[in-house]
Amino acid sequence: MRYPLRSNFVFPTRGIVDKLLTMWEDFRVGRRERRNRKRVDLRQLSPKREPLVHNELPLVFVTRNELTILPAFLNHYRLLGVTRFICVDDQSTDGTSEFLMSQPDVDVWTSGVRFVEARRGRLWREQLFEIYGVGRWYINVDADELLVYDQCTKYSLKDLTRRLEQLGETRMPAPMIDFYGDGAEIQISGEDNLKPWKTAKYFDPEGYEVLLEKRGISVVGGPRARVFGDVPQLIKYPVIYWDTACQFGSSIHRPLPYSRKLLFDLGCAPAL
């Protein structure tokens, strides 16, 4: 098992000034987020289950009207070793909530607060981490995000988190790669359980800009920039050890504390 994949790409060296700027951002943004943090309405729809035990690996996600992709999503992460799915359904109308409540390993929550009011779901996620327990590993993704890592067909996510612990790491970065079709209309039924990339199999292999900033790694570009002129962050930390120091800050893409990401962001983690 190798993570991360080795390449000839080398990030610029971070000097003492860069590290001090990251520490300042940790302090400044962290203080602001603690001051402005608030609890939001969350209600569990599914039957209450036993609390998470030590060896479980939970996944937290937010969804709205994504019934067609949820079977493939759940199956993908079950094969990787996720033992509990924790979902906030943002008032779906397509049967998403009913489908999820029929799944024995999915805890379904809802809220009277909408996605944008919950700071694009960040407040929901932070509150769920608190409810289910801090000081543990979580998979933190969206319903249209399928995590793939080197040798994932051989090594489970639990194997990955154990290796991260051996490296002294508490989170793992991953670029977000958009897949799309050949121009024809794509129909996804959800019933055949096909991986989305079996239907939409094209992606941009280049045209990305990778930078190391004071808040960590930055990835922009791809088809969103090429076609739409849009430059959202295409980096996330889908595997994260969540403790009392963690917050999402201004974006789910680069969670606090920023300084925890420095080892991997510098590209100096040893291969597995």
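For sorting side chains on this tour, Ala, Val, Leu, Ile, Met, Phe, Trp, Tyr, Cys and Pro count as nonpolar, Asp, Glu, Lys and Arg as charged, and the others, Gly among them, as polar. You're looking at a predicted model, where local features need pLDDT of at least 70, side-chain atom pairs count only at pLDDT 80 or more, and totals for chains, interfaces and linings use all residues. Residues are numbered from 1 along each chain as its sequence is written, and side-chain values use heavy atoms, with hydrogens and water left out.

**Stop 1: the pocket.** Select His 54, Asn 55, Glu 56, Leu 57, Gly 135, Arg 136, Trp 137, Lys 158, Thr 161, Arg 162, Glu 165 and Tyr 241, and you have the lining of the second largest pocket. A pocket here is an open set of points on a 1 Å grid over the protein atoms alone where a 1.4 Å probe fits, with protein on both sides within 12 Å along at least five of seven lines; lining residues have an atom within 4 Å of a point. The space inside comes to about 280 Å³, counted as what probe spheres set on the points fill, with grid points joined across faces, edges and corners. What is the lining made of? It divides into 3 nonpolar, 4 polar and 5 charged residues. Helix H5 gives the largest share, 4 residues. (Helices are DSSP runs of H or I with at least four residues, strands are E runs of at least two, both numbered from the N terminus.)

**Stop 2: Glu 145 and Lys 236.** These two form a salt bridge, with the closest N and O atoms 2.8 Å apart. That term means a side-chain nitrogen of Lys or Arg within 4 Å of a carboxyl oxygen of Asp or Glu, and the count by this rule is 21. (Buried is under 20%, exposed over 50%, partly exposed in between, using a 1.4 Å probe and protein chains only.)

**Stop 3: Asp 105 and Arg 78.** Here is another salt bridge, again with 2.8 Å between the closest N and O atoms. Asp 105 sits in the loop between H3 and S4 and Arg 78 in H2, so the pair ties together parts 27 residues apart in sequence. Asp 105 is buried at 16%, while Arg 78 is partly exposed at 31%.

**Stop 4: a network.** Finally, select Arg 37, Arg 39, Glu 126 and Glu 130, which are linked by salt bridges.
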